[in-house]
Amino acid sequence: MYGLMQDHPLLISGLIKHAAANHGRREVVSRLGDGSIHRTDYASVERRARALAEKLQSLGIGHGERIATLAWNTYRHLECFYGVSGMGAVLHTVNPRLFREQIAYIIRHAEDRLLIFDADLLNIVESVADEIPSVEHFVVLCTREALPASTRLKLVAYEDWINGRGDDYHWPSFDERSASSLCYTSGTTGNPKGVLYSHRSTLLHALVTVQADVFALTSVDSVMPVAPMFHANAWSLPYCCPMVGAKMVLPGNRMDAKSLYEMLSQEAVTFSVGVPTIWTMIQGYLQETASSLPDLSRCLVAGTAMPPAIRETFKTKYGVTAVHAWGMTETSPIGTMSTLSAEVAALPEAQRTEQLLKQGRVPYGVEIQVRNSQGQTAPHDGQTFGPLMVRGPWVASGYFKGDGGAVLDADGWFPTGDVATWDKYGFMKITDRTKDVIKSGGEWISSIDVENAVMSHPAVKLAATVAAFHPKWDERPVLVVVPVEGAAPTKEQILEFLAARMAKWWLPDDVIFVLELPVTATGKILKARLREQYWHHLHDASS
Ligand code: ADP
């Protein structure tokens, strides 16, 4: 017997319809390419998204067809999130920081019919144009007056394109399991793989993400996603904010500390999301300019492990709670979030802090498992570490077009490629990526733990620990350090500092000082490159 409740599909268009109807005047503030500030609201975003949807329909874009965007966080990109998915097509957000060859590959692989992009990214589009035959139209997110000149491509202005449309357009209803958006993982090895979200997975994920134990978003929040909308949907904020009617503050392509600070302070941002390097940069700026962010109550730190110093400084100096979270493109992206549980809240402060520095616990909807070396469930002891598995209604079941192979095991678990521990409070801690763990004489050393320890040294700006070949132990850790400007720490000082913080056999065999570290398209340290570079370092150094 079925229940007798109404059966409305969970569709992305429903979010913006809700925001327009109930939070219509709530602002969406964007920094545009010329640095100016643009203000609009949810009623206008919904109207213009409908105009875009109608335009796509008039071009014959069908259900499930892919439309690519190559764009920064602005209101026009937000309109694409709703216009494209809302009419039943699939929004493919392309990361402009990928290598040119990867951009061409994923647009070809997705068979995108349209490419909608920001004017300052024209050179990337021109450089791949000959290799993306599926693309029929090149649309620039600007007015006719601002349309850049191109000798190679016929460009159209987005504003011309949607002008005068949408009034009679009604959002269609369809199966909530339909594909809604497509996001490729950056693929540090091999080709990028396409994660294909559905309307249902996106809505369920957003419903859980706004909860008090996760992002704790309400209509009085002012929210700035520094995380880009092309990377795991900016931690789903383009969906969560309209859901609760929170103000959105979109920083465009200005990612320098001063511009971000201006947006955070002038728009009274209460909640923001970014990778650790962003927060380190903002802390540096606050310190240099003796400023503060009185409205900011919490910032989410994710993407790579949060160095303890970020949490401590934000808390003690600026009264901001830095919350740690873990997730990946394949998990929509929320997997775990480090917020207090009743048991952890009751712990003495030092222990509580130790818990909150972990990647956290699962919200309803996500199940995780840590496996031991025999492939069985590891005990909840906070010590045993092994592969982290995840499953749930917003976790990928495979990759677009099957490229990437069968990924789930027999019980439907998705292997994250991360290595973790979990403890008696249900808190998970990432100790490494499977490929970054250092295997010294059969024992594992967590490169992240070594990095976190060294990052609290005042003369260290950035650090990476990688495995180097060792004839006796197979692998030993080598530490690569970027010192803060003007500082000149020595190897001995660094090792002495670490010796007080970890087991002797974890201490790196060498410390190398460099000016910068290579990073991936998503701003993470490119460990694979460092490993290649330093694999023979110990051998070379000793011979
Ligand atoms: P990409 O590798 O393209 O950046 P993702 O954004 O999907 O793709 O990266 C997900 C990975 O990022 C996770 O599997 C994990 O290794 C890492 N990660 C995410 N959040 C954290 C965190 N809080 N601590 C440590 N690692 C993290």
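Biologist: Which residues are buried in α7?

Modeller: This is a predicted model, where local features need pLDDT of at least 70, side-chain atom pairs count only at pLDDT 80 or more, and totals for chains, interfaces and linings use all residues. Residues are numbered from 1 along each chain as its sequence is written, and side-chain values use heavy atoms, with hydrogens and water left out. Buried means under 20% relative accessible area (1.4 Å probe, protein chains only), and helices are DSSP runs of H or I with at least four residues, strands runs of E with at least two, numbered from the N terminus. In α7 the buried residues are H199, S201, T202, L203, H205, A206, V208 and T209.

Biologist: Why is helix α7 largely enclosed by the rest of the structure?

Modeller: Helix α7 spans residues 199-209. The cover over its buried residues includes α1 (12-22), α3 (75-86) and β8 (179-184).

Biologist: Which strand gives the largest share of the shell around the ligand?

Modeller: The ligand is surrounded by 17 residues (a heavy atom within 4 Å). Among the closest are S186, A325 and D418. Four residues, the largest share, come from strand β14 (residues 321-327).

Biologist: How far from an oxygen atom of the ligand does a polar side-chain atom of R433 lie?

Modeller: A polar contact is a pair of N or O atoms within 3.5 Å. For K524, a polar side-chain atom lies 2.8 Å from an oxygen atom of the ligand. For R433, the distance from a polar side-chain atom to a ligand oxygen is 2.7 Å.

Methods: Buried < 20%, exposed > 50% of the residue type's maximum accessible area, 1.4 Å probe, protein only. Contact = heavy atoms within 4.5 Å. Polar contact = N/O pair within 3.5 Å; in protein donor to acceptor, adjacent residues only side chain to side chain.
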